[in-house]
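Please keep the sequence and the structure open while reading.

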Amino acid sequence: MTQSLEVSALEADATERNRRANLVAFVVMVALIAIAPFVAYPFFVMQALCFALFACAFNLLIGYVNLLSLGHAMFLGLASYVCAHAAKVWGLEPVSAIVLGVAASAALGLVTGALAIRSSGIYFAMITVAFSQMVYFLAVQLPFTHGEDGIQGVPQGKALGFINLSNPWILYVFVAIVFLFGFLAVQRIVNSPFGEILKAIRENEPRVISLGYRAMQYKLAAFTLSAAIAGLAGAAKAIVTQNASLTDVSFATSGEVVLMTLLGGMGTFYGPVVGAIVVVTMQNYLAQFGEWVTVIQGVVFVACVLAFRRGIVGELAAKVKLSL
């Protein structure tokens with residue numbers, strides 16, 4: 001009895017330590033977001049935040065359900081195109097356009113997920129690639145996407161009718177709020193009873209099924225939520241960059257989000273954010289090297305994998321015995 005109480009006390013202490021550590025990490029992250037536009041180009045930081053949210057969405061799937069999607073850019077790109085078209089052609093204000101883009105990605109996630117989750121492992125990954133290539137083909141062929149030219153000149157407009165996003169500082173605050181909303185949504189999902197079942201599916205799916213849970217439904221829900229949050233990142237990116245292009249739905253973008261997540265730390269809250277910032281920073285500041293950027297990224301990735309097997313944040317969390 002005494003031993004059982006000691007174990008419970010240790011578990012409660014560990015939970016409290018994790019809660020405090022995550023609170024401190026969140027406060028530090030918010031502080032860095034507030035300071036960032038004063039030490040770096042705001043447009044670059046906004047792009048980094050959009051990709052960080054995209055990586056968080058991808059991490060929800062691979063880090064907590066162990067499903068590797070190699071075509072996740074289809075959700076980012078679809079929301080980007082829908083949001084850009086809605087804002088430019090239909091004249092919707094930014095928030096409504098973003099919501100429409102998120103809804104489109106969630107619907108696509110529901111349809112593709114219902115088919116993809118019937119497989120697992122490499123077969124699941126290949127099915128997501130196939131769907132992604134179909135979306136890429138449609139993006140090239142459909143009239144409203146304007147093919148290789150993409151949708152240019154997307155108006156930033158006034159969010160909710162009175163928040164002028166044409167002001168760079170107001171736009172930055174808007175994007176920061178969108179990122180924090182998506183980040184906290186992922187954190188809430190993972191820390192909920194639903195998230196605990198997802199982790200159980202990751203560890204031992206047959207046992208979860210034997211306990212009476214419908215694992216397929218949980219995986220489909222996780223896939224759809226991941227698609228919706230990826231869509232939120234894509235729609236916000238369309239407003240920031242004022243365009244939607246084939247790059248948003250390309251296989252290269254799907255590969256980049258895998259790199260971001262593994263580099264930062266799969267299955268951690270802050271790992272994808274760190275990984276996205278590292279990758280976007282390399283792309284921005286190494287652009288002068290042209291095609292050699294991908295080679296340099298590969299070298300950095302290999303070095304990080306050898307030095308940080310769990311990713312940057314994953315290794316740090318393991319050393320201090322905390323869950324970040």
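W169 sits in helix α6, residues 168-191. Helices here are DSSP runs of H or I with at least four residues, strands are runs of E with at least two, and both are numbered from the N terminus. W169 is partly exposed, at a relative accessible area of 44%. Buried means under 20% relative accessible area, exposed over 50%, and partly exposed in between, with a 1.4 Å probe and protein chains only.

The C-alpha atoms of W169 and F43 are separated by 10.0 Å, and the two residues are 126 residues apart along the chain.

## Basis of the model

This is a predicted model: local features need pLDDT of at least 70, side-chain atom pairs count only at pLDDT 80 or more, and totals for chains, interfaces and linings use all residues. Residues are numbered from 1 along each chain as its sequence is written, and side-chain values use heavy atoms, with hydrogens and water left out.

## Helices α6 and α7

α6 packs against helix α7 (residues 193-210) at an angle of about 70°, with the axes 4 Å apart. Axes are lines fitted to C-alpha atoms, for helices over the stretch in contact, and angles run from 0 to 180 degrees between N-to-C directions. The pair is therefore roughly perpendicular, a label for angles of 65 to 115 degrees.

On the α6 side, I189, V190 and N191 take part; they meet P193, F194, G195, E196 and K199 of α7. The contact residues divide into four nonpolar, two polar and two charged.

## The nonpolar core

The largest nonpolar core has 92 residues. Such a core is a set of buried Ala, Val, Leu, Ile, Met, Phe, Trp, Tyr and Cys residues joined through side-chain atoms within 4.5 Å. Helix α2 (residues 42-62) gives the largest share, 17 residues.

M29, I33, I98, V175, F179 and F183 have the most contacts inside the core. Not counting residues up to four places away in sequence, I33 touches L49, Y172, A176, F179 and L180.

S105 lies in helix α4, residues 94-116. S105 is buried, with a relative accessible area of 0%. Beyond residues up to four places away in sequence, S105 touches F75, L78, A79, A227 and G231.

N243 belongs to strand β4, residues 243-244. N243 is buried too, at 19%.

Notes: Angles under 35 degrees count as roughly parallel, over 145 as roughly antiparallel, 65 to 115 as roughly perpendicular and the rest as oblique. Contact means heavy atoms within 4.5 Å. Ala, Val, Leu, Ile, Met, Phe, Trp, Tyr, Cys and Pro count as nonpolar, Asp, Glu, Lys and Arg as charged, and the others, Gly among them, as polar.
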